[in-house]
Amino acid sequence: MPDLLELLDQRPVVCAEGYLFECERRGYLQAGAFVPEVVLDHPEVVEELHREFVHAGSDVVEAFTYYGHREKLRVIGKEDILEPLNRQALAIAAQVARDTGALLAGNVCNTNVYEPGAAAGRTVRSAFEEQVGWAAEAGVDFVIAETFSWAGEALLALEAIREAGLPAADACRQAEQAGASVVGLNCIRGPLTMLPLLGPVRAAVSCPVAALPVPYRTTAAEPSMQALSDPARGGAQAFPTGLDPFTCTRQELGEFATAALELGVRYLGVCCGAAPHHVRAVAEAAGKTPPASRYSPDMSKHSFLGSAPGITKSYREYASNL
Ligand SMILES: [Zn+2]
C-alpha cells in the first residue's frame with residue numbers, strides 16, 4: 001500500500017468518519033459528553049463499523065479517538081481510562097487496516113478548552129502530544145487533526161504531529177505553510193454550504209485539499225448542522241439528536257463528491273452522520289468500486305418499478321398510479 005501522499009498522487013482518497021454519531025445512534029455512546037467509551041465497553045461495535053466503512057469504500061481506517069482526549073475524560077471523571085482507551089482504539093483500527101489493506105490514521109480533534117491568546121495553550125498542546133505519541137507507537141500512517149474552529153488550535157495540533165515525525169491531514173494556507181500534508185474542511189457544514197468554500201481553499205494552497213461534510217441538508221440561512229431548526233418540532237434546534245429529518249440522500253453525497261472533484265479536491269469523505277451508503281456513493285463518484293458496490297442498486301429488476309424482462313407489466317402500471 002502506498003502512503004497517503006503517493007496514493008493522493010495516483011487517485012482520490014476516501015475517508016469515512018462520523019464514528020461518534022453512528023455509535024450514539026446505535027445505542028453505544030451517550031450524547032452530551034460524547035466520549036468514545038464504546039472503544040473499551042464494546043470494541044466489537046467499533047471494529048464492525050470500521051469494517052463496514054472500508055467495505056463501503058473508505059481507504060482509511062481512522063482510530064476512534066475523537067473526543068478521547070484528556071479534557072473530555074476529565075469532564076466525565078475518568079482520566080484513568082485515557083491511555084487504555086487510546087491504545088485500544090488504535091489497536092482495533094490497526095487490526096482492521098492490516099486485514100483490509102487500508103491506511104491507518106490516528107486522530108486528534110478540538111479540545112474544547114482552547115481560547116485564542118489564552119494560557120490554555122500548554123494544556124492543549126500536551127493533550128495533543130500524548131495522543132499523537134500513542135498513535136505514533138501504534139504505527140499509524142498519518143494523523144488526522146480535525147474539527148478546529150480556530151487556526152491557532154489547529155497549528156498546535158500540527159506542531160505535535162510534526163514533532164512525532166508524522167504527516168498531518170485536515171487543518172488551509174497557514175497549516176500548509178506550517179507543514180501539513182493535506183488541508184481542508186470537515187464537519188459542521190453539509191454538502192450545499194461546504195461546496196462554495198472549497199474553490200477558495202483550493203486556490204489558497206498547493207497541497208492536496210480535503211472535504212468531509214456532514215450528510216445533512218444545511219442551507220444558506222442555516223449553514224451548519226448546529227444551526228438547523230426543525231419546523232415540524234416548533235423550530236427546535238435539531239443538533240445533535242434530532243437531525244434525522246435533515247439527512248442527505250446518498251445521491252446528494254455522490255453529487256457533492258463529483259462537484260468537489262471537479263474543483264480539484266482529492267481527499268473526500270463524510271463526517272458526523274455518515275452511514276455506509278453515503279460512503280459508497282462518495283467512493284463510486286471518485287471512480288472506486290468497493291466491495292459494497294456489488295450491492296449497489298439495480299432498479300431494473302424491481303417488481304413494481306423495473307423494466308427488465310420478466311417484470312409484470314400490470315405491476316408497473318399499478319406502481320405508476322401510487
Ligand atoms: Zn463531524
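C15 is buried, with a relative accessible area of 0%; here buried means under 20% relative accessible area, exposed means over 50%, and partly exposed lies in between, using a 1.4 Å probe and protein chains only. This is a predicted model, in which local features need pLDDT of at least 70 and side-chain atom pairs count only at pLDDT 80 or more, while totals for chains, interfaces and linings use all residues. Residues are numbered from 1 along each chain as its sequence is written, and side-chain values use heavy atoms, with hydrogens and water left out.

The zinc ion is coordinated by the SG atoms of C187, C271 and C272, at 2.2 to 2.3 Å. Donors are N, O and S atoms within 2.8 Å of the metal (3.2 Å for Na, K and Ca), and water is not among the atoms, so sites may look incomplete. Along the sequence, the donor residues follow the spacing C-x83-C-C. Helices (H or I, at least four residues) and strands (E, at least two) are DSSP runs, numbered from the N terminus. Both C187 and C271 are buried.

Strand β6 also holds N186, which counts as buried at 12% relative accessibility. The N186 side chain makes a polar contact with the side chain of E146 at 3.0 Å, and it reaches the backbone nitrogen of T147 at 3.0 Å. A polar contact is a pair of N or O atoms within 3.5 Å; within protein, one must be able to donate a hydrogen and the other to accept it, and residues adjacent in sequence count only if both atoms are side-chain atoms.

The largest cavity holds about 110 Å³, and of its 14 lining residues the closest to the centre are G18, Y19, L20, Y66 and E146. On a 1 Å grid over the protein atoms alone, a cavity is a set of points where a 1.4 Å probe fits but cannot get out, a pocket is an open set with protein on both sides within 12 Å along at least five of seven lines, and lining residues have an atom within 4 Å of a point.

Then there is the second largest pocket, with about 260 Å³ of space. It is lined by 15 residues, and F21, R25, Y216, D244 and G273 are the closest to its centre. Helix α2 (19-25) and helix α12 each supply at least two lining residues, with α2 giving the most, 4 residues.

Definitions and conventions
Grid points are joined across faces, edges and corners, and a volume is the space filled by probe spheres set on the points.
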